[in-house]
Amino acid sequence: RVHDISHIRRLASALQGNDIVSELNLFHAILSSEECGILPASLLHYKPLRKLNYEHNDVSLQGIQLLSDALISTGVMMQELTLTKCDIGPEAMAILAKGLHSNSTLYQFFLDFNPIGDRGMAELGQALHHNKTLETLRLEGNSIFGDGMTAFCKALRINKTLESLSLGGNSIGDNGLIALCSNKTLRYLSVGNTEHDTGICALMKTLQESNDPLRCLSVS
């Protein structure tokens, strides 16, 4: 637990004079919205950082905007970003998507257990139309349904880098599962427990096609 905002300010200041720290883990630090905004601002000028874990913190829209700016900044070389359980809704997801749209360094993005919903999923899909580096995306328990999955999957027909996608804990239904068959790059796909036989059968059929990249399908 980071007990005082002055500690965050000192940490942000220390990063500016440090060229060694490449990973920053603030898991469940119980940061306030204001505290979550200070560090992203400092990240805009901190080149060595490769991994940032903000899991289980309340990130304000201002903090999300600064993180998005960091993703766009050519001076930031972040490769892994974890925002699990940060209460990121559709509006925040739209802001992050703008950063991902232009980013050229991020390989892994973890967004599990955020209420991004179908609108946020569609925004994420639009970003992947243009992003050329992201390889792993985790979206478990994100209140995603069939419409959001269908919109997102349009990107999978164009995107050439995304290889791993986790979707457990969402209710994407048959339509969402069938939409995933348009995949051109995924090698690992996890859809969690599902009772939608039609969609699963369609995905299983893709595994039988030699020209399909999918090599691992998890339904548990």
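Biologist: Let's start with N170. Setting aside neighbours within four places in sequence, which residues is N170 in contact with?
Modeller: N170 is in contact with L139, E140, G141, N142, S143 and I144. Keep in mind that this is a predicted model.

Biologist: Okay. Where is N170 found?
Modeller: In the loop between β6 (164-166) and α7 (173-179).

Biologist: Is N170 buried or exposed?
Modeller: N170 has a relative accessible area of 11%. Buried means under 20%, so N170 counts as buried.

Biologist: And which backbone nitrogens lie by a polar atom of the N170 side chain?
Modeller: The backbone nitrogen of N142 lies 2.8 Å from a polar atom of that side chain. For the backbone nitrogen of S143, the distance to a polar atom of the N170 side chain is 3.1 Å.

Biologist: Nice. Now N114: where does that one lie?
Modeller: N114 lies in the loop between β4 (108-110) and α5. It is buried, with a relative accessible area of 1%.

Biologist: Which backbone oxygens does the N114 side chain pair up with?
Modeller: One is the backbone oxygen of L83, 2.8 Å from a polar atom of the N114 side chain. The other is the backbone oxygen of D112, which the side chain of N114 reaches at 3.4 Å.

Biologist: What is N114 in contact with, leaving out neighbours within four places in sequence?
Modeller: L83, T84, K85, C86, D87, I88, G141 and N142.

Biologist: Switching to helices. How do you describe two packed helices?
Modeller: By the angle between their axes and the distance between the axes.

Biologist: Then how do helix α3 and helix α4 pack?
Modeller: Helix α3 (residues 61-72) and helix α4 (residues 90-102) pack at an angle of about 10°, and their axes are 7 Å apart. Angles under 35 degrees count as roughly parallel, so α3 and α4 are roughly parallel to each other.

Biologist: Which residues make that contact?
Modeller: From α3 they are L61, I64, Q65, L67, S68, L71 and I72, and from α4 they are E91, A92, I95, L96, K98, G99, L100 and S102. The contact of α3 with α4 divides into nine nonpolar, four polar and two charged residues.

Biologist: What about α4 and α5?
Modeller: Their angle is about 5°, with the axes 8 Å apart. They are therefore roughly parallel to each other. In α4, P90, E91, M93, A94, A97, L100 and H101 meet R119, G120, E123, L124, A127 and L128 in α5. By class, the residues of this contact are eight nonpolar, two polar and three charged.

Biologist: And how do the axes of α5 and α6 cross?
Modeller: The axes of helix α5 (residues 117-128) and helix α6 (residues 146-156) cross at roughly 0° and come within 7 Å. So α5 and α6 are roughly parallel to each other too. D118, M121, A122, L124, G125 and L128 in α5 meet D147, G148, M149, A151, F152 and A155 in α6. That contact of α5 with α6 has eight nonpolar, two polar and two charged residues.

Biologist: What does T136 touch, not counting residues up to four places away in sequence?
Modeller: Y107, Q108, F109, F110, L162 and S164. Take F110: T136 and F110 are 26 residues apart in sequence and 8.0 Å apart in space, C-alpha to C-alpha.

Biologist: Last one, zooming out. How many helices and strands does the chain come to?
Modeller: Eight helices and eight strands. The chain has 220 residues, and buried residues make up 54% of them. Among contacts with a separation of 6 or more, 79% are between residues 24 or more positions apart.

Notes
Residues are numbered from 1 along each chain as its sequence is written. This is a predicted model: local features need pLDDT of at least 70, side-chain atom pairs count only at pLDDT 80 or more; totals for chains, interfaces and linings use all residues. Side-chain values use heavy atoms; hydrogens and water are left out. Axes are lines fitted to C-alpha atoms, for helices over the stretch in contact, and angles run from 0 to 180 degrees between N-to-C directions. Helices (H or I, at least four residues) and strands (E, at least two) are DSSP runs, numbered from the N terminus. Angles under 35 degrees count as roughly parallel, over 145 as roughly antiparallel, 65 to 115 as roughly perpendicular and the rest as oblique. Contact means heavy atoms within 4.5 Å. Ala, Val, Leu, Ile, Met, Phe, Trp, Tyr, Cys and Pro count as nonpolar, Asp, Glu, Lys and Arg as charged, and the others, Gly among them, as polar. Buried means under 20% relative accessible area, exposed over 50%, partly exposed in between (1.4 Å probe, protein chains only). A polar contact is a pair of N or O atoms within 3.5 Å; within protein, one must be able to donate a hydrogen and the other to accept it, and residues adjacent in sequence count only if both atoms are side-chain atoms.
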